[in-house]
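The sequence and the model are shown first.

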Amino acid sequence: ELRKRLGEDLMPIEKVPTAMLNLSLQEKVDLFRSLFKGREDVFARRWYSKTSGKAGYQPVCQNEWTPLCDKRTFKCADCPNRKFSPLTDNDIYRHLEGKDANGRDVIGLYVLNEDNTCHLLCTDFDDKNCEHGYQNDVLAFIDVCKSWNIPCSVERSRSGNGAHVWIFFETSVLAVKARRLGNAILTEAMNRNGKIDFKSYDRFFPNQDTMPEGGLGNLVALPLQGNARKHDNSVFVDEDFEPHPDQWEFLLNVGKLSEQVLGDLLKRTASIQSLGELSKTSESK
């Protein structure tokens with residue numbers, strides 16, 4: 001889309017610095033949505049209680065706090081008047097702007113589509129499960145990605161105590177295939193680095209191979225949330241875990257994995273996928 005706007009006579013889009021593009025707000029939102037794709041008919045937003053100090057995510061409902069909303073009688077999941085709100089450009093803008101100091105504008109994306117496909121695989125690494133830190137595990141994971149020519153991007157999490165490694169697909173692929181790829185990468189990384197126990201590994205998004213009955217699957221908090229960015233969190237980083245100087249230029253250069261290459265990788269790695277139970281066990285926790 002950006003190439004069409006700029007004209008084919010310019011240098012290839014992947015080599016155009018952001019300064020030359022001078023991306024508009026709409027173009028930034030479009031670029032963001034072209035990468036972080038999931039369910040668009042429903043999304044979650046973070047909530048925070050100043051009274052209790054608790055926080056979490058819940059699907060955004062069009063009827064919340066209207067006369068149809070009766071939280072004293074029904075839990076949101078059981079409410080007969082629940083009506084999900086679709087994900088809009090304005091929601092993305094609020095997330096990127098990040099004006100709420102308590103993070104109540106952070107978007108949670110439901111990665112698993114209703115047809116059991118996904119557009120991305122996100123691997124979550126977290127310090128809370130790991131004494132030696134998450135960085136070595138992340139570097140081992142992306143080292144395998146590089147050797148297998150899998151484009152991947154590392155984001156420091158919103159808390160600053162972990163990281164997400166994102167792999168994007170050119171088209172939607174079956175979630176079971178995406179997760180098998182993640183298991184193969186984890187297994188190979190462990191085989192290459194016998195001293196690394198991968199205790200920082202938390203889970204994959206999507207969390208499931210198929211959509212749970214009556215559910216939405218698990219959500220992942222989207223990156224580049226405005227308030228967290230002020231602290232160099234929720235941003236994409238290099239292999240020294242330093243933020244890329246221009247986040248939008250970095251996103252313009254992100255590569256995607258084709259379904260054909262994904263299939264070839266799964267055939268090549270079929271014999272080494274032995275850590276499936278690792279992911280399932282960790283995710284159940």
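## Overall make-up

Of the 285 residues in the chain, 48% count as buried, in a model that is predicted. The chain contains 10 helices and nine strands. Among the contacts with a separation of 6 or more, 72% are made by residues 24 or more positions apart.

## Nonpolar cores

In soluble globular proteins, nonpolar side chains tend to be buried together. Here the largest nonpolar core has 66 residues, and those with the most contacts inside it are V138, I150, F169, L181, I185 and L251. When its neighbours within four places in sequence are left aside, V138 is in contact with F125, V154, A163, V165 and F241.

## Helices α5 and α6

Helix α5, which spans residues 135-147, and helix α6, which spans residues 175-192, have axes that come within 9 Å of each other and cross at roughly 110 degrees. Because angles of 65 to 115 degrees count as roughly perpendicular, α5 and α6 are described as roughly perpendicular to each other. On the α5 side the contact is made by A140, F141, D143, V144, C145 and S147, while α6 contributes G182, I185, L186, E188, A189 and R192. Sorted by type, the residues of this contact between α5 and α6 comprise seven nonpolar, two polar and three charged. I185 of α6, which takes part in this contact, is also one of the residues with the most contacts inside the largest nonpolar core.

Helix α6 also holds T187, a residue that is buried, with a relative accessible area of 3%. A polar atom of the T187 side chain lies 2.7 Å from the backbone oxygen of N183.

## Helices α3 and α4

A further pair is formed by helix α3 (residues 25-35) and helix α4 (residues 89-97), which pack at an angle of about 95 degrees with their axes 10 Å apart. That angle makes α3 roughly perpendicular to α4. The residues that meet are L25, Q26, V29, D30, F32 and R33 in α3 and D89, I92, Y93, H95 and L96 in α4. This contact of α3 with α4 divides into six nonpolar, two polar and three charged residues.

## Backbone details

Most residues other than glycine have a negative phi, and most peptide bonds are trans. Against that background, the bond that joins F205 and P206 is a cis peptide bond, with omega about 10 degrees. P206 is found in the loop between β7 (201-205) and β8 (219-221).

Positive phi values occur at N149 and at S234. Phi of N149 is near 60 degrees, although this residue is not glycine, and N149 is found in the loop between α5 and β5 (153-156). S234, likewise not a glycine, has a positive phi of about 60 degrees and has its place in the loop between α7 (226-229) and β9 (236-237).

Key
Residues are numbered from 1 along each chain as its sequence is written. This is a predicted model: local features need pLDDT of at least 70, side-chain atom pairs count only at pLDDT 80 or more; totals for chains, interfaces and linings use all residues. Side-chain values use heavy atoms; hydrogens and water are left out. Axes are lines fitted to C-alpha atoms, for helices over the stretch in contact, and angles run from 0 to 180 degrees between N-to-C directions. Helices (H or I, at least four residues) and strands (E, at least two) are DSSP runs, numbered from the N terminus. Angles under 35 degrees count as roughly parallel, over 145 as roughly antiparallel, 65 to 115 as roughly perpendicular and the rest as oblique. Contact means heavy atoms within 4.5 Å. Ala, Val, Leu, Ile, Met, Phe, Trp, Tyr, Cys and Pro count as nonpolar, Asp, Glu, Lys and Arg as charged, and the others, Gly among them, as polar. A nonpolar core is a set of buried Ala, Val, Leu, Ile, Met, Phe, Trp, Tyr and Cys residues joined through side-chain atoms within 4.5 Å. Buried means under 20% relative accessible area, exposed over 50%, partly exposed in between (1.4 Å probe, protein chains only). A polar contact is a pair of N or O atoms within 3.5 Å; within protein, one must be able to donate a hydrogen and the other to accept it, and residues adjacent in sequence count only if both atoms are side-chain atoms.
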